[in-house]
Every structure is written in structure tokens, then in C-alpha cells.
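Visitor: I would like to go through this model with you and ask, for each label, what stands behind it. Please show it to me before we start.

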Amino acid sequence: MFETLTKAPGDKILALMGEYAADPRSTKIDLGVGVYKDEKGVTPVMSAVRKAEQRILENEKTKTYLGIAGNKGFGAAVLDLALADSVDRSRVRIAQAPGGTGSLWVLMQLINRAKPGATVWVSDPTWPNHNPIAENSGLKVEKYPYFDTETRGVKFPQMLAALDKLGKDDVVLLHGCCHNPTGANLTNEQWDQVAASLARTGALPFIDLAYLGFGDGLLEDAYGTRKVIASVPEALIAFSGSKNFGLYRERIGAAILIARDADQADVTNSQLLNIIRGAYSQPPDHGAEIIRTILEDKDLRAEWEAELNQMRGRMITLREKLAEAIRQRSNSKDFDFIAAHRGMFSLLGLPNDVVEHLKAANGVYMIGDSRINVAGIPEDRVGDLAEAMLSASK
Ligand code: PLP
Ligand code: TYF
């Protein structure tokens, strides 16, 4: 039977991870895959996570099934964290899912049940996994203008004009914060305008919230999500705990739906649970129980927030250092946008041959579209990196 198959395309980001690992040069620099790294280049297990795991190991009494929506305490804690009191909870339902990706997947399936073949509008550019998830779910994908390659900021007037033309059969995928791959984000005032546009047109907002706390802070990063859902009757959110809790391989996320009223929420949620049951029956618990344990415990939560703040601060410092090193060496402000961007990524806007040259000549690995992961910048090599970037882009 398998002879009918041809080779499927690989994931470029994950492939680059393999290429980097195989490079024998000790001077190589990994600015590729989006995982946080500390000053030693290690992706640590957060201290609050370790402690929560110890508690779970000691206290867990059973491994019996939890149910299709997963860990209830986790769900309630994530709603408090992400949404707070921005929307009446009677209209909200949450189902734990395997990672932000699993959450995106079940929600795309839900959209296709509600409106088969609907169009999902994604930012230009967006995380490369959005497209296949949508298309595999039967949906169409279109792009709205987003990144301005001149200013390396958001083309906001063009974005808003595109959103203003949409209607109630359209879905708009928005990055809640820390845009991947660009690092360019909406201001609060721009979020206000996006929320007003969605309220006006009736297009369905679908927020990918994979980096809450990685931009300017837990509260600051939630502004756009909360503003949008407070402004519209219906919305979807895909939450990920991979980055902010450092739980990547545990595959923990949540699919959140907001309906116009409690009855509609029940009906829509029954379809969501039906999708999950027909896919993987129930989510894995470990990551959810870790997050529940941390968020429900005052001390563990404070410890987690402190570590998250420290990670975020480190990324901002690295941004400032790299921008400054380039400014000093080039006498130009051309790369100052790196310091203005937020989250783990910046899209540098370098042509692909420059990206390839940096890899071959300097062992500097970034994604082919010239996205860098700022957490991968070694603090003692900022000058080397600045020089390599400038000489390659000449
Ligand atoms: N959405 C975006 C924009 C991402 O960058 C990621 C990255 O990992 C995800 C969703 C999903 O992550 P995960 O499935 O590992 O939680
Ligand atoms: O964009 C990134 O690098 C992260 C990690 O298929 C990632 O979001 C990359 C590719 C992928 C899954 C996760």
C-alpha cells in the first residue's frame, strides 16, 4: 500500500536543528529553533516546575482517566492567567490539548465543523505550521498584510484595511503577543482598533497565545487577547505552556472557546469534545498537573513568575546589546529594530544568500527567512555576531 506515497516535505525549523547539531565547529551559534536558552546555552527545567514535579510524584494517588477536557484545575488556572475577568465565564469553555499546536488543531477542526472550508486569514508572514494545520482541517488560508520589510514594524494601516473588508464567514488568526517570526507587535492602541474592526465586521478572532509573558510581562502580553474577547461575541484562543513554563516536550496547551451565550458555549463545546474524542480521546496530564500545581500555590507561582521575568529580561538585554553592537560598528541605526521587537524572535530582513553565508562562513544558524532567536545569542559573542552580520550583509 505505501508505494502510493511520495516523500512529504520536512519542517524547515526542525531540520535546521539537526543541521546545527551535526556542525562540528565549537564557535557555532544557534539562533534557530524557538526554544528559550539561558546564558549557558541550556534550555532549563524551571525551578518551580521541578518542585511541582516532586510534589506530584509524592502526592499523586492514581493515573486513571481525567476526561476529554483534561485537568479541570489546569483549565480554571489558565483562564485566570490568560483572560482574568475580561469576559463572563459562563460563555467560556476550555479543553486541555497537546501543546499550542494540538490546541490550534482541534480549534481548526471545530471551525471546519461550524463552517466547512471557511477562510482563515493569517499574518504575512506567520508561523509556518499555521498553514498546514488549517489546510489539513479543510480550511482555506489567506494572508493579511503585517510585516513592513522597510521599517521592520507592523504595516498597521494596511493590516487594518484588510481586516475591515472581512465578514462573518472569515476567521482572523492573530498572534496574542511576541509575533513569530517577526518580533513586531501591535501597540495597545492598535489592538483597540483591531478589536473594534472585528466587532464591526463579525469576523471570528482566533488568537494564538504561545508566548504569554515572553514580551513585556504577563499582564502586558495579555492586553490584546483580553481586549479582543471583551469586544466580540465569539472567539477562539490556542494557549501554549511550552515556552512560558518551559514544558516543550510535555505537550501542554489549551483550546479556549468563547461563545455568544452559555447555551451556545455548551453546544459548541460538545463539538470540540467530540473532535478530541475522535482524535486522541484525552490529553496527557503531566504538563497540566505541573501548571495547575504552580498556579494554585502562592509560593510556587511567585517563583515561576520571578524566573519568567528573569528570562524575559535576559532576552530584552540581549536585544539591546546586539542592536548596540551593530550600531557602534556600522554607525547606523539600521538594526535598532532588534531592540524594539519583543518575544523570542526578530525577522532581520536579510536575503537568503546572506543567511546561507552566515551559516557556512561563521557557523551562525538562523531560519532561512532570516528569523533569529534572540535567546540563542551568546552574551560573550555579541560583538562577533554583530561583525558577522554586518560583513555578510555588505
Ligand atoms: N504558535 C506559535 C506561533 C508558535 O511559535 C508555537 C511554537 O512552538 C506554537 C504555536 C505551538 O507550540 P507547542 O505546540 O510546542 O506548544
Ligand atoms: O517557531 C519555532 O521555532 C517554535 C518551535 O514544527 C517549533 O515554534 C518549530 C517548528 C515546529 C514546531 C515547533
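Guide: Helices (H or I, at least four residues) and strands (E, at least two) are DSSP runs, numbered from the N terminus, and in these terms N331 lies in the loop between α12 (298–330) and α13 (337–340). This is a predicted model, in which local features need pLDDT of at least 70 and side-chain atom pairs count only at pLDDT 80 or more, while totals for chains, interfaces and linings use all residues. Residues are numbered from 1 along each chain as its sequence is written, and chains are lettered from A and ligands numbered from 1 in the order in which they are written.

Visitor: Why does N331 count as exposed?

Guide: A residue is buried if 20 or more other C-beta atoms, placed from the backbone, lie within 10 Å of its own, exposed if 12 or fewer, and partly exposed in between. N331 has 8 C-beta neighbours inside 10 Å, and therefore counts as exposed. N331 also has a positive phi of about 55°, although it is not a glycine.

Visitor: What makes R152 buried or exposed?

Guide: R152 has 21 other C-beta atoms within 10 Å, so it is buried. R152 lies in the loop between β4 (140–145) and α6 (156–164), and its phi is near 60°, a positive value in a residue other than glycine.

Visitor: How do you know whether A203 counts as buried or exposed, and which residues is A203 in contact with, leaving aside its neighbours within four places in sequence?

Guide: A203, found in the loop between α7 and β6, has 22 C-beta neighbours inside 10 Å and therefore counts as buried. Two residues are in contact if their C-beta atoms, placed from the backbone, lie within 7 Å, and with the sequence neighbours within four places left aside, A203 is in contact with L163, L166, G167, K168, D170, V171, V172 and L198.

Visitor: Which residues of helix α3 are buried, and what do they pack against?

Guide: In helix α3 (residues 72–82) the buried residues are F74, G75, A77, V78 and A82. They pack against the strands β2 (92–97), β6 (204–209), β7 (235–240) and β8 (253–258), and against the helices α9 (223–231) and α11 (286–296). After α3 comes A84, with a positive phi near 50°.

Visitor: Why are α14 and α15 called oblique to each other?

Guide: Axes are lines fitted to C-alpha atoms, for helices over the stretch in contact, and angles run from 0 to 180 degrees between N-to-C directions. Angles under 35 degrees count as roughly parallel, over 145 as roughly antiparallel, 65 to 115 as roughly perpendicular and the rest as oblique. Helix α14 (residues 352–362) and helix α15 (residues 382–393) pack at about 130°, with their axes 10 Å apart, and are therefore oblique to each other. The contact is made by V354, H357, L358 and N362 of α14 with A388, A392 and S393 of α15.

Visitor: Which peptide bonds are cis, going into P125 and P181?

Guide: The bond from D124 to P125 is cis, with omega near 0°, and P125 is found in the loop between β3 (119–124) and α5 (130–136). The bond from N180 to P181 is cis as well, with omega near 15°, and P181 is found in the loop between β5 (170–175) and α7 (188–201).
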